[in-house]
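This report concerns an annotated site in a protein chain. The sequence and structure are shown first.

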Number of protein chains: 4
Amino acid sequence: MTFDPDATGLAYRHYDPDEVVMGKRLEDHLRFAVAYWHSFAWPGGDPFGGQTFDRPWFPDTMDGARLKAEAAFEMFDLLGVPFFCFHDADIRPEGASFAESRKNFEEIIGIFERKMATSKTKLLWGTANLFSHRRFMSGAATNPDPDVFAWSAATVKNCMDATHRLGGQNYVLWGGREGYETLLNTDLKAEMDHMARFLSMVVDYKHKIGFKGTILIEPKPQEPTKHQYDYDVATVFGFLQRYGLETEVKLNIEQGHAILAGHSFEHEIALANALGVFGSIDMNRNDYQSGWDTDQFPNNVPEVALAYYEILRGGGFKTGGTNFDAKLRRQSLDPEDLLAAHAGAMDVCARGLKAAARMLEDGTLETMRRERYAGWKTPASTELLSSDLATIAAKVEAEGIDPQPRSGKQEILENIVNRYV
Amino acid sequence: MTFDPDATGLAYRHYDPDEVVMGKRLEDHLRFAVAYWHSFAWPGGDPFGGQTFDRPWFPDTMDGARLKAEAAFEMFDLLGVPFFCFHDADIRPEGASFAESRKNFEEIIGIFERKMATSKTKLLWGTANLFSHRRFMSGAATNPDPDVFAWSAATVKNCMDATHRLGGQNYVLWGGREGYETLLNTDLKAEMDHMARFLSMVVDYKHKIGFKGTILIEPKPQEPTKHQYDYDVATVFGFLQRYGLETEVKLNIEQGHAILAGHSFEHEIALANALGVFGSIDMNRNDYQSGWDTDQFPNNVPEVALAYYEILRGGGFKTGGTNFDAKLRRQSLDPEDLLAAHAGAMDVCARGLKAAARMLEDGTLETMRRERYAGWKTPASTELLSSDLATIAAKVEAEGIDPQPRSGKQEILENIVNRYV
Amino acid sequence: MTFDPDATGLAYRHYDPDEVVMGKRLEDHLRFAVAYWHSFAWPGGDPFGGQTFDRPWFPDTMDGARLKAEAAFEMFDLLGVPFFCFHDADIRPEGASFAESRKNFEEIIGIFERKMATSKTKLLWGTANLFSHRRFMSGAATNPDPDVFAWSAATVKNCMDATHRLGGQNYVLWGGREGYETLLNTDLKAEMDHMARFLSMVVDYKHKIGFKGTILIEPKPQEPTKHQYDYDVATVFGFLQRYGLETEVKLNIEQGHAILAGHSFEHEIALANALGVFGSIDMNRNDYQSGWDTDQFPNNVPEVALAYYEILRGGGFKTGGTNFDAKLRRQSLDPEDLLAAHAGAMDVCARGLKAAARMLEDGTLETMRRERYAGWKTPASTELLSSDLATIAAKVEAEGIDPQPRSGKQEILENIVNRYV
Amino acid sequence: MTFDPDATGLAYRHYDPDEVVMGKRLEDHLRFAVAYWHSFAWPGGDPFGGQTFDRPWFPDTMDGARLKAEAAFEMFDLLGVPFFCFHDADIRPEGASFAESRKNFEEIIGIFERKMATSKTKLLWGTANLFSHRRFMSGAATNPDPDVFAWSAATVKNCMDATHRLGGQNYVLWGGREGYETLLNTDLKAEMDHMARFLSMVVDYKHKIGFKGTILIEPKPQEPTKHQYDYDVATVFGFLQRYGLETEVKLNIEQGHAILAGHSFEHEIALANALGVFGSIDMNRNDYQSGWDTDQFPNNVPEVALAYYEILRGGGFKTGGTNFDAKLRRQSLDPEDLLAAHAGAMDVCARGLKAAARMLEDGTLETMRRERYAGWKTPASTELLSSDLATIAAKVEAEGIDPQPRSGKQEILENIVNRYV
């Protein structure tokens, strides 16, 4: 795989890792990560067609896995990305037994460890694939079969060990099969209890092994399931509270999943910030009009800017980052496509973040927001909030209160945003 | 208004209030309620057209309001429904001041009180309309203007008083404007805090006046707002927990709102039951393919049966009931349409509930559900749940655990349902 | 594969092929067909997981293909279905060349021919899979590469020959990849022209070989593509007209595809009847809230009844039938699931068709429809339609025309439907 | 109403009417129009709330209408827009009879005529509101009552006269009620025939009075109706062909309506160009996640650029233009909001069109598109298209044709677009 940015015209036009924005290098703001699975393990299939990509490392053997690791780190270097992410199943062939799969996995983790000793690319997060193999078809932690719970727990243990060993900054759980196809065969209450117990074990294990990274849950409303328990930010927050885990776990928010749940990406980020559980993002867009997960590379700067605006308002990433959980279109066969897609996406994000920073530094948006709520900063409003219905009702009549609406100025605010994007 | 069921062929074919199902009269199971607003106050408009209905009580005067009350109770009697529901704004003209509106309201409440002394129809719930008047355009409890919070609190106080006076069994809050049009002008955190404080005042006032009914929140994801805070059951539950209100407040779940949030109606009911917050339902369907609230009368027995199945599995209604928050299509101009719509809907619900009861009494579905999770009833699985990742991982390898998938039998379960509906 | 209907309780409860409805046997009304691909070739994968089913015939070899054919005809007999449908790719392994694939295909067609000599099951339609192999990733007839057009044309030729040889009653084209992922790389006009030319060749070849069946196009709006040219009934009709093919080609309408295009199934059927291009149906439902093709077996009798109502109003099937282009949920692993799914679906359809027939025989719905339009049966309205704007405008003022709305009676009509379903 | 662009910071930043792009002034490219209805007649209501705006001209009297006309032309001048658009019902109060409504209408048209004598603002198009009044609740041309057809025809006659008198460049028909709420009471075939006959009368009348403008149909899939006949571009084209009107009528395409039909805006424009029926646009965006018509001002430059790219590829506007069929959010109460919304939208469009022009002048996108289809420019491919299935099949085997996929380069193309937007 070679990549001549000049020949293809794909050199970065906006992303300079060392450019300083709001006192921090762009690289440290954006914390880009390449997703191992879509970039190296996905063969280009869809529900109506099979493999389109043809990579030398595709044979699902240990030799293939070693070659894939070489290719991956070569691309990380070409792109100059600071992070990558992986599932266990992306990096090793499935073995004939749990133990053999683990052995395969650990060998590749060893290769990663050696690669990372000389590469600038670190691990943003690791995760376990608890959804592709048929054993997970009815869930992992929520499976009606306790043996699948056990298998899943054992798998996560190994993936957490590997993430810890590689200095990963987060550990992610996406419950792709933690949901149902039909309520008719589902015990909602038991499944949620099992999922919570599983998550508690993960948190306990983190502390036991001294892993300092963040445990992240990635919400998604549906697909592959009819209903997925980690529906959206609000749902996951309610779940965490219910089981006393809201201070231990944060969220990895994906644009495409936000869309499928009926929310804008910036809504999910802003809500997670308001609830104190914002962690990281998967920056891959969904086609607004395709009702499944299209996982496309981001390409709309104004939208990306609004997402980073909420991230910056919340103080920016801590352990989190910008992961491209994005796949090439299945017609984009060439290695050049993979590089160009990442380079273009990084440029889009750089433009978006720089626009967001300018909006924040300019301050007009925040000033207007504060002014809108200025009435709530008075002693009278403090008194109001500590009052009661009967007292308030008496006061409304006594004082002849008659509130008059004031403009919400949405179009003017949108015009202001357009000065920066 | 006259209604000759024989002539129009609209007599009940399936709803006999005195029929005993699972040891209870159908009337006591279903607890039907007519919604005052759609049935008597809504003029037939939509975003592209104005009034189509022509009712003698439409002049928005006290005379009109008195005539409307007469017509409403006449229809309640014709239909033989045990309950009705109302907003303040449905039953009285807006006054020139808060005090005048209250006076208007109280006069009509007095009329209701006298009517109810001789009618069999009781009050399922009262509520306040905090969304139609322009003063609420930016929210009620979440308005940037504290005066609107105050106005809203005073309004709810009066509506709770009236509900209590009329012996209402619940008090409902639907936050139709508690949300936002654009994040750009919104302080999410402050608005949620204000909404929670408002709800706490409602709960306190309930106890203060000795109201024994249930406080209910009605979720809806959007429309009229771009985003509504009470998005769905899971979101509201998380909100209640966050502010310590989850034991004081339950949910009124509407089929159409469930659909708009991407859920089936039965999902929302089952989830509310699992979380211990199920209260009541609005049994009006949404067109699955219209992205706004179509509020149609229910007409699909198999779907209605699945909803009642979850209600019966949870023990049936306590203070809640089956409210038809349904409006006629705007072309259905005739009084006969209003009666026929209710009669047809009540028959559909009666068929649905009776089918649900047969499914539950037969027991096949529940037996199959239990069998699917039987593995979780063993000592080994109890031990598993109290174990930890490392112990489990060791056990998986030691015992060579290799879980094999078992059929979820969805089609067979759906066939079984079809024996009853 | 064995199937004891009594033991599993899966015997037909409503479908009796010999029951006479509106003067015709149910079997001749419904004309059920089993889809070879979903029932025998689909391994249970989805975008997030691989094979879950485990069938003895899955090895993609000629031996596997022969075994699959045995199993398929065994199941056809067990179910007693009068028809089946297939793609070339379902029944034979891909060869190393076009010629080898053809040879494989023809051998299996020979097996089918022998099986069909003694089976009651006939061929409803054949079709070519021009979407799964990577060569079709950018389209078949609409591919930017003329060689793919040629390959596709050759493939269809062979499939039409096979369909003709087996006495198939229709030949279907579903253009799963005839669309685009991005307009940026697409020549809309050229692609539509090529697609039309391809279809003309198909029509010419039909006549050349003396095939008496119907050429059918199956509309779908998207998935796998972002946009598919055969979007819905109206779009395909416009396309056929544009290229002069509207008398040669009819439509195969799928419930799930109708839903994805924003239409009800009965709308698409009614429109095809109004335009004279109704052909056949794929009777598999989509989950209304999943934005991809879920291809589930039908289970809602009232909905199915409305579809058959439109089919019966249009005179019923001619060469078409009721194909179950439905797949088991991927958790439904057992052969029993496959049989139960078909048996349940056939019962649902039988109930739906019988209800539709009763509605039609009763006549109330059609009487009410006619009465609504009675005004258009007068001489005055005939004159109106042959008039012109200026004359009409003069007349409206001269006669003081002032039209008064009349009820559309939607709820009453829905009540009437509910008497039958 | 005053508007100080410097004080509010709302002066144009990108739109300079005299800037020359691709040899034409920006004003002549974009041909902006203000919509009278949303800007001056809409009171801010939605399905859950009433009027929020408070304009001095709102009293629905002739005095109000005269004042409204003053305000409108004042705003046209402030904005410097070259065009406006109107419905009859926007500009005059409904009279007690058809004749009185006409008289009211003609008086205001007279005022317009005098205003336009000195204003630079011309009429882009006129249209008739055949959907708001209750008489149209069941359709206009498709109404079951022929009197409504007559009333509608007479209304359109008067609106065409007025459009002609004012030098309008197009006449538009949006069939907001030409559809159905339920198939159960609908005669699809008759309604489509009546709609076609109506449209033929419109075309005939155009020629009779010598109107040189374009007759435009505006597609929309649903809302207010469950199904609208003019669903999308492809559907309308099929309809026009069926009744022989495809050379007489073109399309006015709205972004929001395209979205509701499941299409991108640029798709609808590109398709209309491919079919030769592109006319004009309504440049107002829909919220992608709100399932109703949100009619917001455009604010996303990259999206707008892709729309203008397709318009410029098709040769730009002829009689059409860029109409803002956009309404303020109902919280945007102030006159300043109305001006800012238009100014911001015009800037967004100017940026979009200039980016589109640069993409077209640069030529990379078009070169890459041509190269993708280069295989179709050979003699062999011409021969292929004139061949037949049997010949092609023989050739595929004889020549051992084995097409190999080539990258569709979607991400690279999207990167190229991002250089310009």
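In which strand of chain A is Glu254(A) found? Glu254(A) belongs to strand 10 (residues 249–254) of chain A, strands being DSSP runs of E with at least two residues, numbered from the N terminus. The model is predicted: local features need pLDDT of at least 70, side-chain atom pairs count only at pLDDT 80 or more, and totals for chains, interfaces and linings use all residues. Residues are numbered from 1 along each chain as its sequence is written, chains are lettered from A, and side-chain values use heavy atoms, with hydrogens and water left out.

An unreviewed UniProt entry lists Glu254(A), His257(A), Asp293(A) and Asp295(A) under "binding site"; such annotations may be inferred rather than shown by experiment. These residues span 42 residues in sequence, yet no two of their C-alpha atoms are more than 10.4 Å apart, so they gather at one spot.

His257(A) lies in helix 10 (residues 255–260) of chain A, helices being DSSP runs of H or I with at least four residues. Relative accessible areas are tabulated below; buried means under 20% (1.4 Å probe, protein chains only).

| Residue | Relative accessible area | Class |
|---|---|---|
| Glu254(A) | 1% | buried |
| His257(A) | 4% | buried |

The side chains of Glu254(A) and His257(A) form a polar contact at 3.1 Å, that is, a pair of N or O atoms within 3.5 Å, one able to donate a hydrogen and the other to accept it. A polar side-chain atom of His257(A) also lies 2.9 Å from the backbone oxygen of Pro219(A).

Beyond four places in sequence, the contacts (heavy atoms within 4.5 Å) of Glu254(A) include Glu218(A), Asp293(A) and Asp295(A). Those of His257(A) include Trp174(A), Glu218(A) and Asp293(A).

Methods:
Buried < 20%, exposed > 50% of the residue type's maximum accessible area, 1.4 Å probe, protein only.
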